[in-house]
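Subject: Structure handover

Hello,

Here is the structure for you to work from. My notes on what was found in it follow below.

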Amino acid sequence: MTKALEGVRVLDMTHVQSGPSATQILAWLGADVVKLEAPTGDITRKQLRDLPDVDSLYFTMLNGNKRSITLNTKTPRGKELLTKLIRRSDVMVENFGPGAVDRMGFTWERIQEINPRIVYASIKGFGDGPYTNFKAYEVVAQAMGGSMSTTGFEDGPPLATGAQIGDSGTGMHAVAGILAALYQRTSTGRGQRVNVAMQHAVLNLCRVKLRDQQRLAHGPLAEYPNEDFGDEVPRSGNASGGGQPGWAVKTAPGGPNDYVYVIVQPVGWQPITQLLGRPELAADPEWATPEARLPKLGKMFQLIEEWTSTLPKWQVLEILNAHNIPCGPILSTKEIIEDASLKANEIVVEVEHPERGTYITVGSPIKLSDSPVTVERSPLLGEHNHDIYATELGLSPAELVELQTNGVI
C-alpha cells in the first residue's frame, strides 16, 4: 500500500523542535525526509541526555522516519552539494534565525532559480516588524501569543502550558502550509514560500481569548468564575470559559493528579444532583437553570467536589459516564505512557534503537485509511551519507573520503 506523500522529497534543514516536529509529520505521511545536519549534528542530540554518548530522547522523539546526512554548508563544496540537494527536492524546511539561509547565499530568489517547483517553508519566532529579531523559544512564544496571560489562577502569576504549543504547535501549522502549497503546485506547476511564525501560531490557538477580549466591552464574562473584571481577559484557573462550565475536581486519595475534569451541561444537572444526594437542587429556582447557576459556579463545583473527593478518579469517571456527563480524568505522564488504549491506537509506541535499545515515543496523531504509518527510529548522525551522496547524487568513493577529510561532511 502506498503512502499519502510517497515520492515527495523533503530537505530538512531544521533543528531543535518546531521544525523537526513538522518534518516528522511529513515523514510519517510517507515523504522521504532527509535531515541535513552540520557535521557536529543537531544540538538536541546531546541535550537532556539520559544515557552517555547516545542520542537524547529529545532528538529521537522528534526525528523518527528520517534519513540523516551531514554537510558543512559554509564551505564552497558544501554549497555546491546543497544546490544539488535543493534541485532534487520537492520541499525545503528550515527554522534558522532570520536571514541565516540568505547569508549562506540561498535567498528565496536563488532557490527558485535552482528549483522553481520547490516549496520552501520557514519557521520563525515572529513576523516582520519590531519583534523580527527577537530570539524565539517555546515559552517566549507562549508569552507573546496570548497564552500565558490567560493561563493560571486569578491571584497567581501567568503560567506556561505543558503542551508545546509554541514549538510543535507551530510545526503543525507549517505542515498545513506545506501540504497546501504542494496541492496548489499540482495546478500551477510552481513552488512557493511558506512562512509560519511561532507567535502567530500560538495566537491562532488562543483565538477564543481574543473572542472574550471583545466580549468584555459589553460587560463581565459570566462563564468565568472571576469576581472582578478589568479591561483584559483574566486568568480563570481551570474554567472552560466556554458555553458549558467545567472544572477539575478532586478525587480520592488526593494525590497531585487525582482529579477529574467535569463539564456541567444543562441536561446533566439533574443526574448530577442525584449523585450529590441533593435532588432538590434540580427544581430549585436558585439552581435549576444554567443562568441561575452561572453566578455561583464556584459553589456548584464545590458541591460536586464534596462527592468526588470520596471516590477514586476511575470510579468517578465510570459513574459520570454512565449518566452521560462529559468528564475526563487528569492523566499523569506515567499513566499515559502505560495506557493500553493509547498503545493499541499506536500513539504510544515502542521503538528499537541501535545504541539506546528500546524507547517509547509518540506515534502519528493523524490516521489515514489508505496511508498507514510505521513509526521508525531516528537516524544516527550521518547514517545515510553514502546512500544519498554516493547512490543518489553519484559521488565516487574517493570523493566521499575527500569530503570527510576536508570537513565538508
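**Annotated binding site**

UniProt, in an unreviewed entry, places the feature "binding site" at Gly 242, Gly 243 and Gln 244. Please keep in mind that this is a predicted model, and that the annotation may be inferred rather than shown by experiment.

Gly 242 sits in the loop that runs between α9 (207–215) and β7 (246–250). Once neighbours within four places in sequence are left aside, Gln 244 is in contact with Ile 263, Val 264, Gln 265 and Pro 266.

**Annotated active site**

The "active site" annotation, from an unreviewed UniProt entry, covers Asp 167. This residue lies in the loop between α6 (138–144) and α7 (168–188). Asp 167 has a relative accessible area of 10% and is therefore buried, the cut-off for buried being under 20%. Apart from neighbours within four places in sequence, the residues in contact with Asp 167 are Gln 17, Ser 18, Ser 21, Glu 138 and Met 198.

**Cavity**

Over the whole structure, one cavity of 30 Å³ or more turns up. The volume of the largest cavity is about 40 Å³. Its lining is made up of Arg 9, Val 10, Leu 11, Asp 32, Val 34, Leu 85, Arg 88 and Ser 89. By class, the lining of the largest cavity divides into four nonpolar residues, one polar and three charged.

Which strands supply at least two residues each to the lining of the largest cavity? They are β1 (9–13) and β2 (32–37). The strand β1 gives the most, with three residues.

**Arg 88**

One of the lining residues of the largest cavity, Arg 88, is placed in the loop between α3 (76–87) and β4 (91–94). Arg 88 is buried, since its relative accessible area is 16%. Leaving out neighbours within four places in sequence, Arg 88 is in contact with Arg 9, Glu 392 and Leu 393. Arg 9 is itself listed in the lining of the largest cavity. Arg 88 and Glu 392 are 304 residues apart in sequence, while their C-alpha atoms are 9.8 Å apart in space.

**The chain as a whole**

Some totals for the chain, for reference. The protein chain has 409 residues, of which 45% are buried. Its secondary structure comes to 17 helices and 11 strands. The C-alpha trace spans about 85 × 45 × 40 Å along its principal axes.

If contacts in the protein chain are counted between residues at least 6 apart in sequence, 65% of them join residues at least 24 apart. The accessible surface of the protein chain is about 20400 Å², and carbon and sulfur atoms account for 54% of that surface.

Regards

Methods:
Residues are numbered from 1 along each chain as its sequence is written. This is a predicted model: local features need pLDDT of at least 70, side-chain atom pairs count only at pLDDT 80 or more; totals for chains, interfaces and linings use all residues. Side-chain values use heavy atoms; hydrogens and water are left out. Helices (H or I, at least four residues) and strands (E, at least two) are DSSP runs, numbered from the N terminus. Contact means heavy atoms within 4.5 Å. On a 1 Å grid over the protein atoms alone, a cavity is a set of points where a 1.4 Å probe fits but cannot get out, and a pocket is an open set with protein on both sides within 12 Å along at least five of seven lines; lining residues have an atom within 4 Å of a point. Grid points are joined across faces, edges and corners, and a volume is the space filled by probe spheres set on the points. Ala, Val, Leu, Ile, Met, Phe, Trp, Tyr, Cys and Pro count as nonpolar, Asp, Glu, Lys and Arg as charged, and the others, Gly among them, as polar. Buried means under 20% relative accessible area, exposed over 50%, partly exposed in between (1.4 Å probe, protein chains only). Accessible areas come from the Shrake-Rupley method with a 1.4 Å probe; for residues, only the protein chains shown count as cover.
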